[in-house]
Each structure stands twice: as C-alpha cells, then as structure tokens.
Amino acid sequence: MELRQMQYFLCLAEEKNVTRAARQLNIVQPALSMQIAKLEAELGQKLFDRSVQGMTLTSAGEALVRLTAPIVRDAEYARQEMAQLGGRISGRVSVGLITSVAQSTMARSSATVASRYPEITLSVCEGYTETLVDWVNTGQLDFALINVPRRRTPLAAHHVMDEEMVFACRKDGPIKPPAKLRFDHIANVDLVLPSKRHGLRLILDEHAAAVGIDLRPRLELDTLPALCDVIATTDFATVLPTIALRQSLASGAIRAHRFNEQRIVRSIAWVHHPRRTVSVAAKAVLDVISRDLAQAAAVAKEFVEPTSGGTSSSSRKKAQKAAAENDLLDAGFRLGQDVAPAAK
C-alpha cells in the first residue's frame, strides 16, 4: 500500500464522489478509479459501495479510514516540519469547532489565517463536542475547540477560556427578571434551548439537577442563530454563553442578565491526540482562533445587564464601539483588505 493510494482513498472517502475527489486531487477520474481498484485488490476487501448517489464506505472502508488517516497526517506533518526549517509556515490544518465558537469567530479567523499564512490550507468543520472528540481521536482532525466534556477522553486537553452563561429574552418583551436573578427562576418561563445532543444543553441539565429543577423547554433548536432570532421575535427566553448572543445583543434585539446566584460557567478547551505532535501550522491557526474568541467574548460581556439593574451608558457605548469595530474588521476581511479600527 502506497502513501499516494492512502491519500486518494481518504479524499474519496471524504468527498463521496469520484468527480469531486479527482478535482480535489488534481488528477483525472480514471486514474483515481484505477488506484482505488488496485487498493481493493491488494487488500482483498470492497472499500466502497457504488451507486448513482455516489460512493459510501463499507465497514472495511470505515476501518481503513481509521487506520490510514493517522499515517497520512503524520506524513503531512513531517513535510510541514521540514518546511519550517526554511522559515515557512505551511501545510494543511484540519480544525473542528463547536457551534458557538464557529459562528462567533470563524469568518474572521479564517480570513486572518488566509491573509497571514498564505501557505496554510485550512479545513474547518462544525460539530458537537462528542463528535469532534471522536474525529480528533481517529486522526480526521488536527485539533478541536470543544466544551470541556464531563467524561474523560483519551485526548490531551488545554484550557482556552471560561465563559459565563446568561439569561436572555426579547428587548421589549414582557419578561422582567428579578433584581436577584437565580437559575431556578427560569423554571417559570417559556424556554427555547439546544437539544440534549448539544454540549451546552448537557451543562444546563447538570446545573438544573444540582439546584433541584427540571428543564422542560417548549422549543429545542440546535442552530444558535435561529435560536437567537426566536428570542428576538417571541416571548421565549433562553440561557446561552455570551458569545452565542453577541450579534443579537449588539443589535439591541435582545437583552441578557447575569445570574446573581447559581451562576453557570462553561469552559472551552482545545484537544489533540496525545501521541501526535501538533504542527507549527496548527499552532498558528489555534493562536488566531483563540485570540478572536477571547475578543468576541469580551465584547459580548459588555452588553450583559449588570446584576443591580440597567447597563451604564459608558459600558454600553464602549461595547457598541467595540462591536462596530469588529464588524468593520470583518467586512474588510471579507473584501480581502485590511481595515484599521477607528482611533480611540
């Protein structure tokens, strides 16, 4: 089995279509089909089921993905490290992000990576914590940013940040949280929350059990932007991390309140396989994402109502200015140009 065959096989397994995989590999379709046929003949196993819908892995194919993905990634890492000797930061980096991180920072972070490190090829996917842990463990991802899992994992974990989860509702809606807001007060309002598949919901359910309440949301949504839209246009309420609410808070569509007691803090960590070295390119990408994540959390935090009542005008103006500068920077990145924030 040749390294090239492994690369071809993994690309086809990911794309599930010969035409797309051949285009990705920059080879003609017959060449790809021939190499896959040779690999199946050598192993004596059928690796794909072929149909008009595309290519799907057989059980043998799934096993081969688990076995070859780390080998191909280690070979790529060796090439990257040799390139670093010449002062270049290059290579392919595959990253997994939980939804709240991806939707808060990834547009900006990916543009920064593309501008600052033109020789890095970045691949980003979004998923649940448990799924991302599995993909890092099998070598499909270099690293992932996840909610710190409650159960032990085989991965090496490194703390990134802690973030408060807050109560949020429509700006001019009928819900009036008490001055001394406790987590158990939310049992008396109509809630929209992520489903039990979501890492944030697991955190909320555990906290609810600890204070003796049973969370019974009237609506479950795992798509966080859609969840925020529901909060902004209905009389539902939610509990989410501040970065997940940032855009809606900045627009004035919703308001958020801290819990005086029974506060909830979620922790974000980045994880990687302990037996695989993290490349210089992967570390560069991680630094960009971590910086942007911390900045997004700091901006969002300024919009949250203080526990004593209304937000001070100075804090509100400061947050609005920071949000406007971030939006301006994001627009510049999308246009492929540098945009400097306004002078302070």
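Reader: Why does C11 count as buried?

Author: C11 has 10% relative accessibility, and buried means under 20% relative accessible area, with exposed over 50% and partly exposed in between (1.4 Å probe, protein chains only); C11 therefore counts as buried. This is a predicted model, in which local features need pLDDT of at least 70 and side-chain atom pairs count only at pLDDT 80 or more, while totals for chains, interfaces and linings use all residues. Residues are numbered from 1 along each chain as its sequence is written, and side-chain values use heavy atoms, leaving out hydrogens and water.

Reader: What makes C169 buried?

Author: C169 is at 1% relative accessibility, so C169 counts as buried.

Reader: How many disulfides does the structure hold?

Author: The structure holds zero disulfides, a disulfide being a pair of cysteine sulfur atoms within 2.5 Å.

Reader: Why is α1 called roughly perpendicular to α3?

Author: Helix α1 (residues 3–15) and helix α3 (residues 29–43) pack at an angle of about 110°, their axes being 10 Å apart. Angles of 65 to 115 degrees count as roughly perpendicular, under 35 as roughly parallel, over 145 as roughly antiparallel and the rest as oblique, so α1 is roughly perpendicular to α3. R4, Q5, Y8, F9 and L12 of α1 make the contact (heavy atoms within 4.5 Å) with L32, Q35, I36, K38, L39 and E42 of α3.

Reader: How do you know whether Q35 is buried or exposed?

Author: Q35, which lies in helix α3, has 6% relative accessibility and therefore counts as buried. Apart from neighbours within four places in sequence, Q35 is in contact with R4, Q5 and Y8.

Notes. Axes are lines fitted to C-alpha atoms, for helices over the stretch in contact, and angles run from 0 to 180 degrees between N-to-C directions. Helices (H or I, at least four residues) and strands (E, at least two) are DSSP runs, numbered from the N terminus.
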